[in-house]
Amino acid sequence: MKKLVYIILALTLLSEGTVLRTKDNLSKNVKYDKYGFQPLCATCTGLITVASFILKYDVSEPVVLEFATIICKLFAKQPWAVCDGISSQFRDEFFYVFRRLANESPSQICGIILPDCADPTDPSESGWKVALPPKPKRKTVLKKKEKRPKDVSSSQNMNVLQLTDLHIDFEYKYPSEANCDDPVCCRKSIADPKKAAGYWGSVGKCDIPYWTVENMLSHINKTHMIDMVIMTGDYINHVDWEYSIEEHLSVLRKLHRLVQESFPTTPIYWALGNHEGVPVNSFAPHNVDERFWPTWLYKEFQTMSQPWLSDGSDESLLSFIYRRGSYATKVMDGLKLISLNTGFCEVTNFFLYLNQSDPDSSMSWFVKELYESELKGEKVYVLAHIPPGDSECLEGWAFNYYRVIQRFESTIVAQFFGHDHLDYFTVFYEDMHNVKSKPIGVGYAAPSVTTFEYQNPAYRIYEIDPYDNFKIIDFTTYYADLEAASETRKPVWEKLYSAREAYGMTDLSPISWNAVTQKLFKSDKKREQFYKYAFRNMSPQCDTTCQMQLMCNLRMGHHNSTLYCPTL
Ligand SMILES: [Zn+2]
Ligand SMILES: [Zn+2]
């Protein structure tokens with residue numbers, strides 16, 4: 001669901017009106033968000049007065065909600081059911097946060113949610129800094145290198161399957177309309193649709209049917225030897241105006257069973273995505289009222305993760321999961337996996353407006369886990385949903401995450417993300433304000449399983465060398481062209497590209513990825529290819545704004561478009 005709708009909701013819950021400008025009306029030097037809209041800053045600042053009025057005269061919440069719904073319909077151009085749903089989904093959370101903020105400065109909210117409204121790097125508490133331990137003396141970090149036994153060939157490399165953003169729709173209907181007025185289509189049976197939904201899914205405004213995920217998993221099982229599965233969040237469909245805890249639990253249980261049955265003896269590691277929240281994006285830290293805590297989700301998440309946690313029975317580990325929806329576990333000797341809940345960086349997780357600093361101590365816990373691994377000479381994989389440079393991630397989190405990556409560059413060997421549905425990577429630098437400084441890390445935003453919006457479904461397999469610090473040797477992305485599938489013709493899952501082949505790389509080090517960014521910036525042809533891969537589609541729906549965003553993403557480890565966006 002679009003961030004824009006939530007922003008409108010937030011603003012209209014506070015105000016008498018919100019004005020949006022489409023990109024056609026704007027001069028070239030104004031930046032747009034990824035959806036092509038630029039909310040007016042003046043409107044937001046005007047809200048402060050209105051907000052005070054609402055508080056002063058105690059305008060009833062239902063009246064404000066009704067008004068918000070109307071504005072949502074007019075300006076976000078969403079159907080009534082969607083606006084009603086969103087307003088009621090956020091009602092309790094929003095008024096709770098708003099009332100608490102009223103004693104401080106409601107204007108904080110403008111700077112945080114509107115890109116050009118205030119200093120985006122330091123409204124509210126976004127300037128927080130997690131404490132980083134000093135680097136240990138060289139002696140203590142050296143670890144005896146695991147030697148590859150002589151009789152072991154490179155075919156002993158491990159295969160790690162990443163599945164991300166499944167967004168399974170259990171209500172997917174066939175036949176149905178694929179181009180409807182709702183934000184998500186393919187859900188109402190229609191005998192004679194204008195644009196017919198595909199039996200196996202539709203490349204458009206539709207999520208993926210359950211049976212296509214089953215088909216994909218069965219194909220993977222038959223075709224590849226998988227040593228480990230990583231799931232990077234967003235398992236629930238995009239119909240977020242209808243979200244409920246019961247429905248979420250039901251989907252998570254069905255999906256967990258399906259993946260478990262497909263890979264019964266393979267370790268499966270899960271991370272939480274923003275769509276796992278009810279309402280969407282909502283992850284209340286424990287400094288707010290207990291009624292908002294997502295304990296139901298963390299408990300389920302713990303049940304899903306527990307079979308493969310190294311200390312599954314350890315009470316303290318369980319309490320960590322309950323506490324913040326994150327965990328750390330030993331995958332094998334010398335390798336730890338940290339699953340980090342990025343719900344705490346989500347820009348429309350309104351609870352964070354009360355205090356963004358290190359929500360539920362997640363970042364300091366992350367540092368502690370990394371430091372312990374560093375001292376042991378252990379390597380770490382990071383599993384998380386929202387990439388830090390994404391516009392939906394708060395800068396306070398992104399900035400601190402970047403600092404942690406810098407500090408532990410020799411411990412963290414891979415970062416796996418999802419969320420954007422498009423396939424790209426991000427290079428991190430020794431100096432986060434200088435793209436000419438040494439590249440020290442790379443994060444992979446993997447392609448989604450869902451087709452929402454306008455991509456073909458995909459999965460990815462990383463080849464890992466367990467005898468060389470668990471480094472990624474290569475990865476291959478597989479996809480199915482759904483336009484070629486039909487009721488009588490099953491989807492054909494095939495290789496789309498491998499990183500080394502596609503970009504002529506000798507290894508997948510940060511330095512090599514940085515060299516790829518330069519190749520892409522210089523060559524129109526290579527960029528065209530990159531966009532096709534990003535969408536898993538030979539004719540991707542990616543206009544110049546979308547293309548530029550993808551190029552910026554390649555270096556956007558936190559938010560600084562002036563620095564990270566290339567001149568093409
Ligand atoms: Zn997603
Ligand atoms: Zn997401």
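Is the crossing of helix 7 and helix 8 right-handed or left-handed? In this predicted model, helix 7 and helix 8 cross in the right-handed sense. We'll come back to that pair after a quick look at the whole chain.

**The chain overall**

The protein chain comes with 17 helices and 16 strands. Its length is 568 residues, and 48% of them count as buried. If you take the contacts between residues at least 6 apart in sequence, 70% of them join residues at least 24 apart.

Two packed helices are described by the angle between their axes and the distance between the axes.

| Helix pair | Angle between axes | Axis distance |
|---|---|---|
| Helix 7 (residues 210-223) and helix 8 | about 20° | 10 Å |
| Helix 8 (residues 245-262) and helix 9 | about 5° | 11 Å |

Start with helix 7 and helix 8, whose axes make an angle of about 20°. Angles under 35 degrees count as roughly parallel, so helix 7 is roughly parallel to helix 8. On the helix 7 side, the contact is made by Glu214, Leu217, Ser218 and Asn221, and on the helix 8 side by Leu258, Val259 and Ser262. Sorted by class, the residues of this contact are three nonpolar, three polar and one charged.

Now for helix 8 and helix 9, which pack at about 5°. That angle makes helix 8 roughly parallel to helix 9 as well. Here Ile245, Leu249, Leu252 and His256 from helix 8 meet Trp296, Glu300 and Met304 from helix 9.

**The annotated site**

Which residues does UniProt place under the feature "binding site"? The record, an unreviewed entry, lists Asp234, Asn274, His385 and His419. They are spread over 186 residues of sequence, yet they cluster in space, with a largest C-alpha distance of 8.2 Å.

Take His385 to begin with. You'll find His385 in the loop between strand 10 (379-384) and helix 12 (395-407). His385 is buried, because 31 other C-beta atoms lie within 10 Å and the cut-off for buried is 20 or more. Leaving aside neighbours within four places in sequence, the contacts of His385 include Asp234, Asn274 and His419. Also among them are Thr232, Gly233, Ala271, Leu272, Gly273 and Thr342.

His419 sits in another loop, the one between strand 11 (412-417) and strand 12 (424-429). With 25 C-beta neighbours inside 10 Å, His419 counts as buried too. Not counting residues up to four places away in sequence, His419 touches Asp234 and His385, and its contacts also include Ile386, Pro387, Asp390 and Ala445. Asp165 is one of the contacts of His419 as well, and Asp165 has a backbone story of its own.

Asp165 has a positive phi of about 50° although it is not a glycine. Asp165 lies in the loop between strand 3 (158-163) and strand 4 (168-169). Is Asp165 buried or exposed? Asp165 is buried, with 29 other C-beta atoms within 10 Å.

Tyr454 is another residue other than glycine with a positive phi, near 70° in this case. Tyr454 is found in the loop between strand 13 and strand 14. With 17 other C-beta atoms within 10 Å, Tyr454 is partly exposed.

That loop, between strand 13 (439-445) and strand 14 (458-465), also holds Glu453. The peptide bond from Phe452 to Glu453 is cis, with omega near -10°. A cis peptide bond also joins Val278 and Pro279, where omega is about -5°. Pro279 is in the loop between strand 7 (268-270) and helix 9 (295-305).

Where does Leu554 lie? Leu554 is in the loop between helix 16 (544-553) and helix 17 (561-564). Leu554 is buried, with 24 other C-beta atoms within 10 Å. Leu554 and Phe425 are 129 residues apart along the chain, but their C-alpha atoms are separated by 5.5 Å. Setting aside residues up to four places away in sequence, Leu554 touches Tyr424, Phe425, Thr426 and Val427, along with Thr517 and Leu520.

Technical notes. Residues are numbered from 1 along each chain as its sequence is written. Chains are lettered from A and ligands numbered from 1 in the order in which they are written. This is a predicted model: local features need pLDDT of at least 70, side-chain atom pairs count only at pLDDT 80 or more; totals for chains, interfaces and linings use all residues. Helices (H or I, at least four residues) and strands (E, at least two) are DSSP runs, numbered from the N terminus. A residue is buried if 20 or more other C-beta atoms lie within 10 Å of its own, exposed if 12 or fewer, and partly exposed in between; C-beta atoms are placed from the backbone. Axes are lines fitted to C-alpha atoms, for helices over the stretch in contact, and angles run from 0 to 180 degrees between N-to-C directions. Angles under 35 degrees count as roughly parallel, over 145 as roughly antiparallel, 65 to 115 as roughly perpendicular and the rest as oblique. Two residues are in contact if their C-beta atoms, placed from the backbone, lie within 7 Å. UniProt positions are given in the numbering used here, feature names are shortened, and annotations may be inferred rather than shown by experiment. A crossing is left-handed if the near helix is turned anticlockwise from the far one by less than a right angle, and right-handed if clockwise. Ala, Val, Leu, Ile, Met, Phe, Trp, Tyr, Cys and Pro count as nonpolar, Asp, Glu, Lys and Arg as charged, and the others, Gly among them, as polar.
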